[in-house]
Amino acid sequence: MEATGTDEVEKIKSKFMSAWHNMKYSWVLKTKTYFSRNSPVFLLGKCYHFKTDESGELSTDGSNFDKINTEISGNVEEFRKDFISRIWLTYREEFPQIKGSALTTDCGWGCTLRTGQMLLAQGLMLHFLGRAWVWPDALDVDNSDSESWTAHTVKKLTASFEASLTAEREPKILSNHHQGTLKRNCDDNEKRNEFYHRKIISWFGDSPLAAFGLHQLIEYGKKSGKIAGDWYGPAVVAHILRKAVEEARDPELQGVTVYVAQDCTVYSSDVIDRQCSFMDSGKADTKAVIILVPVRLGGERTNVDYLEFVKGILSLEYCVGIIGGKPKQSYYFAGFQDDSLIYMDPHYCQSFVDVSIKDFPLESFHCPSPKKMSFKKMDPSCTVGFYCRTVQDFEKASEEITKMLKSSSKEKYPLFTFVKGHSRDYDFASSPLHEENDLFSEDEKKRLKRFSTEEFVLL
């Protein structure tokens, strides 16, 4: 009886925290985001131009967007489709109870795990769908009636966004949207893409069986001393993601591996060894690799000298984003315009979606509106991610990024380096690819403890 009473108290606390955070972060869907007409916008390596003869800004309420021409409108629409197609993973509530706790929501503590999920999801999208893919229904996401958003908020937000980006004063409404989704005559490639779109999202479902779901990530986090309800930093999450990918048993995931840089150093031979190691020895192909590099962009505050480096990284098509944020909040950075970063925010609590059912709703996994933040507000602790499909791609990327690191940094030493050889050649303990008894080596545990004490507290 006592345990049941405690569980009830925890459930009430969880509901209160969910309501509080939804009120606290309701601005995520309400505030306007302004984009300059005269500066290019970069989103994960793609560049969009909204330039016109008129100076000024594009806003999300259409108030100063009267003279937009067809070409710019097309560019804005392409940007919108591209942004909305990225997978958005936010706080959720009322999901299956997390093992060893009474928690059924991650409101208030899971934001860095969510931004890590978004980065990994982008890497998997590059792997299975390619950078050119966009969700065919992206521009219909504003008509979502997801029960986790209030209808008034969604209608107001999406109507203003649609008006601003299509030069319409009235929102475009699909009258038959709620009477069933229009059937689309799609070819085999479109069917394949939709299959992987849903498959990728299902891997991040909030259930114990989802390979990269919150429940699994928390289990791996326990090996580094973390439990459900704790705050996680970008470096710890990088190591948790690596372990999650290593332990994933879905055959579709056997062609992907994750490498985490050691002490701001990427050891090329270690990366290539991972790419060339197949669990199924009968396969001759190499694995694609997602490289995660935990870095600090300064001491107590972010050093503005690193702005050009961050811009350069987000300009690369094989960049899968940055796990970062500002003090007390974690964001997934995916692009920039001028000196502002474009991000997706996980701090909005949505209802649990059962991704195991056929044709589960997709709308709540796609963000309808981009947000911007000044680079100066960025917390120095972050993790940068890259995707390389082949060994040749990795070698080319390492050369390109090395040049960028040298040219963009005014500091004596670059943020991180690519070094030829193995980590063991430099007297560092290298962790084996598959550890049977313990998910983290002793050397990794020491690093994770250090990261846990150095990184910012996330609320």
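## Basis

The model is predicted: local features need pLDDT of at least 70, side-chain atom pairs count only at pLDDT 80 or more, and totals for chains, interfaces and linings use all residues. Residues are numbered from 1 along each chain as its sequence is written, and side-chain values use heavy atoms, with hydrogens and water left out.

## Overall make-up

The protein has 12 helices and 15 strands. These are DSSP runs numbered from the N terminus: helices are H or I with at least four residues, strands are E with at least two. Of its 459 residues, 56% count as buried. Buried means under 20% relative accessible area, exposed means over 50%, and partly exposed lies in between (1.4 Å probe, protein chains only).

Take the contacts between residues at least 6 apart in sequence: 76% of them join residues at least 24 apart. Contact means heavy atoms within 4.5 Å.

## Helices H4 and H6

Two packed helices are described by the angle between their axes and the distance between the axes. For H4 (residues 111–128) and H6 (residues 188–203), the angle is about 155 degrees and the axes are 10 Å apart. Axes are lines fitted to C-alpha atoms, for helices over the stretch in contact; angles run from 0 to 180 degrees between N-to-C directions. H4 and H6 are therefore roughly antiparallel to each other (angles over 145 degrees). Their crossing is right-handed, a term for the near helix being turned clockwise from the far one by less than a right angle.

H4 contributes Ala121, Leu124, Met125 and Phe128 to the contact, and H6 contributes Arg192, Tyr196, Ile200 and Trp203. By class, that gives seven nonpolar, no polar and one charged residues. Ala, Val, Leu, Ile, Met, Phe, Trp, Tyr, Cys and Pro count as nonpolar, Asp, Glu, Lys and Arg as charged, and the others, Gly among them, as polar.

## Glu246

Glu246 is found in helix H8 (residues 234–247). At 8% relative accessibility, Glu246 counts as buried. Its side chain makes a polar contact with the side chain of Arg242 (2.9 Å). A polar contact is a pair of N or O atoms within 3.5 Å; within protein, one must be able to donate a hydrogen and the other to accept it, and residues adjacent in sequence count only if both atoms are side-chain atoms.

## Positive phi

Most residues other than glycine have a negative phi. Glu94 has a positive one, near 65 degrees. Glu94 is exposed at 51%.

Definitions and conventions:
Angles under 35 degrees count as roughly parallel, over 145 as roughly antiparallel, 65 to 115 as roughly perpendicular and the rest as oblique.
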